[in-house]
Amino acid sequence: MTGAARIQVAGVVQGVGFRPFVYNLARSRGLNGWVNNTSQGVTIVVEGDPEVVAAFPDDVWRLAPPMAVVQSVASTPETPEGFSDFEIRESEASGDLTLVSPDIATCPACLADMTDPANRRHGYAFTNCTNCGPRFTIVESLPYDRPATSMKSFEMCPECGAEYRDPDDRRFHAQPNACHVCGPRLYLNGGGAPEDLAWTPAEAATPLPGRTRDSEEARSADLLARAATMLLDGRVLAIKGLGGFHLACDATNEDAVGALRERKRRWGKPLAIMLPTVDAVRRYCEVGDEEQALLEGTKRPIVLLKLRGNAPGADIADARAAKWHEQAETTGSAVASCLSEAGVRDVRAADALAPSVAPGLAELGVMLPYTPLHHLLMDAVGGRPLVMTSGNLSDEPIAIDNAEALARLSPIADAFLLHDREIRQRYDDSVVRVVAGSTELVRRSRGYAPFPIALPFDTDVHILAAGPEQKSTFCLARGTHAFVSQHIGDMENAETLEAYERTLSLYEEMFRVEPALVAYDLHPEYLSTKFAKSLGLPAVGVQHHHAHIASVTAEHGISDKVVGIAYDGTGYGTDGTIWGGEVLIADWTGFERFAHLRPVPMPGGAAAIRRPARMASGLLSGIDEGLFDHPGAAILRESLTNSEQATLRAMATQGLNSPLTSSMGRLFDAVAALAGVRADALYEGQAAIELEALADPGERAAYHFALVGDSPVVIDPEPMVCALLADLASGVGASTISARFHNAVVAVTVEVASLACARAGGRHVALAGGVFMNRIVLAGVRAGLVAAGLVPLAHRELPMNDGDVSYGQAVVAWALRDTV
Ligand SMILES: [Zn+2]
Ligand SMILES: [Zn+2]
């Protein structure tokens, strides 16, 4: 007697070795039939012993390959057809949804192949198998098959072809399978490298006759040795990676890091580094178990780690920026002179990190190699830490195309390490960190996106949520899936908008989404808002902080009214002012502004973001103009010129060009400027980050915020500011002041949340917004809420910062779909 079944498997089951797994499983069970990729996932038909057939769906669940994410296995009985063997059939395309795996870091077996001199992939920079390698970055369309990827231009050699067809081989149906002879190869342009190593546009289209393993292996080794020599000589290289270009240099060489910063015009923001192993990372940073697992895992994000020792170099970054602004118009180079002024180089150990890798910070972003090329390069530089930062000029999207990189990055890079496997989708490195035992995303991109985030409902209308302006993502919702795009960047220029639109059309095509409803931020000037409104579809405007809170609660599947704390830098309020210190009582359909920080003037608007000293004077004048003359405001007065002081006072008294803001992020900036941490910011939030970095963890005292009025309650910083000025006047140090301020923010947040919960009649408190990237605030508020008997909710799969806004917009638009 013969049994038969048709089994549908949904989830991430393509590009993860699923069909070979099914093939081998069926054969080991003595079953005949077939398996193929469809647009819904994988379809299996098996026939044979009825008991074995009946157990097969369970076996598929239980034994699925490590990179697969099986969401459902549905089995229906079939009439046996009398198959004589088990085969893998051609893929079928249809109108339904399929999921593709994000990219996967090089697996240990492939690494072993590359390092074994006898192996034919020894030293091969594009080694991969069904358990590892590029996926979404090379995909052009679905289902995931080689002709639908940028590997289609490489014809497999007989040996690779044999592996690809051999069900017992690790590379059976590994779509990017390749070797020295037939696959992508490396090129080195510039820096004095010989012409025959250089990539040219013609190179891409030409097949290469006469390639042999030996000649290619030698060429690749020569090329990598030259690239390594350049790096060790202090030069800046543009390196083509998985989802885009990196700019790389020796992280121990201050001149090299300085040159990179100067050319990229990135003054203060920390640079990520790559190190070969976790042991090497421990040389510079503290690494906990969870952090080690993230560093060594298959997603390989940048992990933010606590630096050992002090955080040097803030002065150098400032000196460099100032010097550059001074000299930019006349000369080109400012690095050497400002370095000698800072004069810190001589006291460092030979392999110490250059001070300007992460100036003024207690954290460092670190990643381990995640492609074969990275492993080979790390080897070639002898494990030297390398800066690996996005290959772009500040504010532009990361470069992905060879010709584009050669044009755009030539003012920055001395040479280019290129390859001829084209990148189809732009992906920055993801950034994560661990706070009080839980993993948090800071930037969700390579390795994470486009894996869908579950929706707590099933939407029949397809929704596009356009996202905010900063840390932009969009979100496409269909059925129970939300496809939140990878981090696209700050949508402040035409290049980023273009990258956004291109990524959006790819997502729409790939995940077969045809939006019939759009959601947008209320800020009328955001490019994303204008774009959303230009589509001519029914549209829902969503308040920025409401989107933050809906995003958190939807991820937890909570549709009831909850208390939401949204602390960030900027969000357009329903009254036209800038919000950012908000306590809402909200569900998905709407919100009540239960409490907010007292609004204060932001002299000069956006100029106050770049100059925290301005924000500090806005804070003082917003409370009481007389505070400006307080002895404790001496540091602030010193950081402002006389004419600036006069202007700021006039602006404040007459309310000129001084929009009001209730932003918590700006309050942090203002306090940092008052305490003398920083008068000018090289990037948004820098002052607040440095203020956090120097907080004394042993300090228990706290300043005090007053709670004034009702509906809404106003969180008034006046008593906090007065006590802080008194501390400054009596010479209390910045690290004590920082701790007392942080403690006060934590205490008042827990207090207001408790009041709001009493009003709302619930216990859940959703936390969102960039201010919660602050470890002291997040850990303190969480612990305080728990102690008060409340339940803090934070994101698990999305960042706390504006990277979560598009998902929240989609949820609110769905909840309001019948009103538009
Ligand atoms: Zn592998
Ligand atoms: Zn080959």
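In sequence, the donor residues of the zinc ion (ligand 2) are spaced C-x2-C-x18-C-x2-C. Donors here are N, O and S atoms within 2.8 Å of the metal (3.2 Å for Na, K and Ca), and water is not among the atoms, so sites may look incomplete.

This is a predicted model, where local features need pLDDT of at least 70 and side-chain atom pairs count only at pLDDT 80 or more, while totals for chains, interfaces and linings use all residues. Residues are numbered from 1 along each chain as its sequence is written, chains are lettered from A and ligands numbered from 1 in the order in which they are written, and side-chain values use heavy atoms, with hydrogens and water left out.

Back to ligand 2. C157 (SG), C160 (SG), C179 (SG) and C182 (SG) coordinate this zinc ion at 2.2 to 2.3 Å. The 4 donor atoms subtend angles of 105 to 115°, which makes the arrangement tetrahedral (for four donors, all angles between 85 and 135 degrees).

Now the zinc ion that is ligand 1. Its protein donors are C107 (SG), C110 (SG), C129 (SG) and C132 (SG), at 2.3 to 2.4 Å. They follow the spacing C-x2-C-x18-C-x2-C along the chain. The site is tetrahedral, with angles of 103 to 120° among its 4 donor atoms.

Last, the helices. The axes of α21 (residues 664-674) and α24 (residues 734-760) come within 11 Å and cross at roughly 160°; axes are lines fitted to C-alpha atoms, for helices over the stretch in contact, and angles run from 0 to 180 degrees between N-to-C directions. Helices are DSSP runs (H or I, at least four residues), numbered from the N terminus. The two are therefore roughly antiparallel (angles over 145 degrees).

Methods:
Parallel < 35°, antiparallel > 145°, perpendicular 65-115°, else oblique. Tetrahedral: all angles 85-135°; square planar, octahedral: opposite > 155°, others 65-115°.
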